[in-house]
Amino acid sequence: MNFATIKKHDVANGVGVRVSLFVSGCTHRCKGCFNAEAWDFAYGSPFTEKTEEEIAEALRPSYIAGLSLLGGEPFEPQNQRALLPLLRRVRREFPQKTVWCYSGYLYDTELAPGGRAHCEATDEMLSYIDVLVDGEFVEELKDLKLRFRGSSNQRIIDLPATRAAGEIVLWQPSK
């Protein structure tokens with residue numbers, strides 16, 4: 001897997017100050033995408049053990065709330081396989097930090113067993129994610145007033161609550 005960039009102090013892609021990894025490769029190719037250069041799976045730099053270590057170091061400060069995965073598309077099957085070891089490490093070393101993930105794939109269809117992006121890594125990867133922003137970006141539904149998403153069709157899903165309820169539970173910001 002390649003990645004486009006790492007932002008070590010990101011406040012736009014989840015609650016609090018976050019470390020954000022923008023992976024390369026996306027087959028959605030949404031019209032109006034803010035990161036179209038990352039559609040190419042070969043774009044950017046190879047994701048290596050050194051890259052994983054850089055992310056872990058960036059997550060260490062207490063003021064960092066967690067990790068956000070964006071793209072490209074983190075749930076392209078080849079990206080899932082590469083991200084899974086990172087997510088295992090984040091959960092092991094930083095259990096108090098949250099993991100957010102942005103995906104054009106829909107949680108309840110395309111990421112579900114039998115869905116077009118489901119592979120042997122999907123269920124475990126989802127088990128490490130706290131908040132999933134799902135759905136393709138739709139330029140006609142773009143709304144700059146939306147928090148943590150680009151278009152109104154995208155959902156912000158609380159995955160632990162969803163797993164507990166057995167149905168989609170939308171994330172609610174803490175008051």
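**A pair of helices**

Modeller: This is a predicted model. Let's begin with helix H1 (residues 49-59) and helix H2 (residues 77-93), whose axes come within 11 Å and cross at roughly 30°.

Colleague: Is H1 roughly parallel or roughly antiparallel to H2?

Modeller: With that angle, H1 is roughly parallel to H2. The crossing in which H1 passes H2 is right-handed.

Colleague: Which residues make the contact?

Modeller: H1 brings Glu52, Glu53, Ile55, Ala56 and Leu59, while H2 brings Pro85, Leu86, Arg89, Val90 and Glu93.

Colleague: Let's change topic. Where does Ile6 lie?

Modeller: Ile6 is in strand E1, which covers residues 2-10.

Colleague: Buried or exposed?

Modeller: Ile6 is buried, at a relative accessible area of 15%.

Colleague: Which residues is Ile6 in contact with, leaving aside its neighbours within four places in sequence?

Modeller: Those are Val19, Ser20, Leu21, Thr51, Glu54 and Ile55. Take Glu54: it sits 48 residues from Ile6 in sequence, and their C-alpha atoms are 9.2 Å apart in space. Ile55 also turns up in the contact of H1 with H2.

Colleague: Nice link! What about Leu144, is that one buried or exposed?

Modeller: Leu144 is exposed, with a relative accessible area of 78%. You'll find Leu144 in the loop between strand E6 (131-134) and strand E7 (155-158).

Colleague: How many residues apart in sequence are Leu144 and Ala164, and what's the C-alpha to C-alpha figure?

Modeller: Leu144 and Ala164 are 20 residues apart in sequence and 32 Å apart in space, C-alpha to C-alpha.

Colleague: Okay, cysteines next. How many disulfides does the structure hold?

Modeller: Zero disulfides. Cys26, for one, is in no disulfide, and its nearest cysteine sulfur belongs to Cys30, 6.1 Å away. A pair of cysteine sulfurs would have to be within 2.5 Å to count.

Colleague: And Cys119, which cysteine has the nearest sulfur there?

Modeller: For Cys119, also in no disulfide, the nearest cysteine sulfur is that of Cys101, at 13 Å.

Colleague: Are Cys26 and Cys119 buried or exposed?

Modeller: Cys26 is buried, with a relative accessible area of 7%. Cys119 is buried too, with a value of 10%.

Colleague: Last topic, the backbone. Where is there a cis peptide bond?

Modeller: Look at the bond from Gly71 to Gly72, which is cis with omega near 15°. Gly72 is in the loop between strand E4 (64-70) and H2.

Colleague: Why point that out?

Modeller: Because most peptide bonds are trans. Likewise, most residues other than glycine have a negative phi.

Colleague: So which residue other than glycine has a positive phi?

Modeller: Phe148 is one of them, with phi near 65°. Phe148 lies in the loop between E6 and E7, and Leu144 is found in the loop between those strands as well. Phe148 is buried, with a relative accessible area of 10%, whereas Leu144 is exposed.

Colleague: And what's phi for Arg29?

Modeller: Arg29 has a positive phi of about 50°, though it is not a glycine. Its place is in the loop between strand E2 (17-23) and strand E3 (45-46). Arg29 is partly exposed, with a relative accessible area of 47%.

Colleague: Great, thanks for the tour!

Conventions
Residues are numbered from 1 along each chain as its sequence is written. This is a predicted model: local features need pLDDT of at least 70, side-chain atom pairs count only at pLDDT 80 or more; totals for chains, interfaces and linings use all residues. Side-chain values use heavy atoms; hydrogens and water are left out. Buried means under 20% relative accessible area, exposed over 50%, partly exposed in between (1.4 Å probe, protein chains only). Axes are lines fitted to C-alpha atoms, for helices over the stretch in contact, and angles run from 0 to 180 degrees between N-to-C directions. Helices (H or I, at least four residues) and strands (E, at least two) are DSSP runs, numbered from the N terminus. Angles under 35 degrees count as roughly parallel, over 145 as roughly antiparallel, 65 to 115 as roughly perpendicular and the rest as oblique. A crossing is left-handed if the near helix is turned anticlockwise from the far one by less than a right angle, and right-handed if clockwise. Contact means heavy atoms within 4.5 Å.
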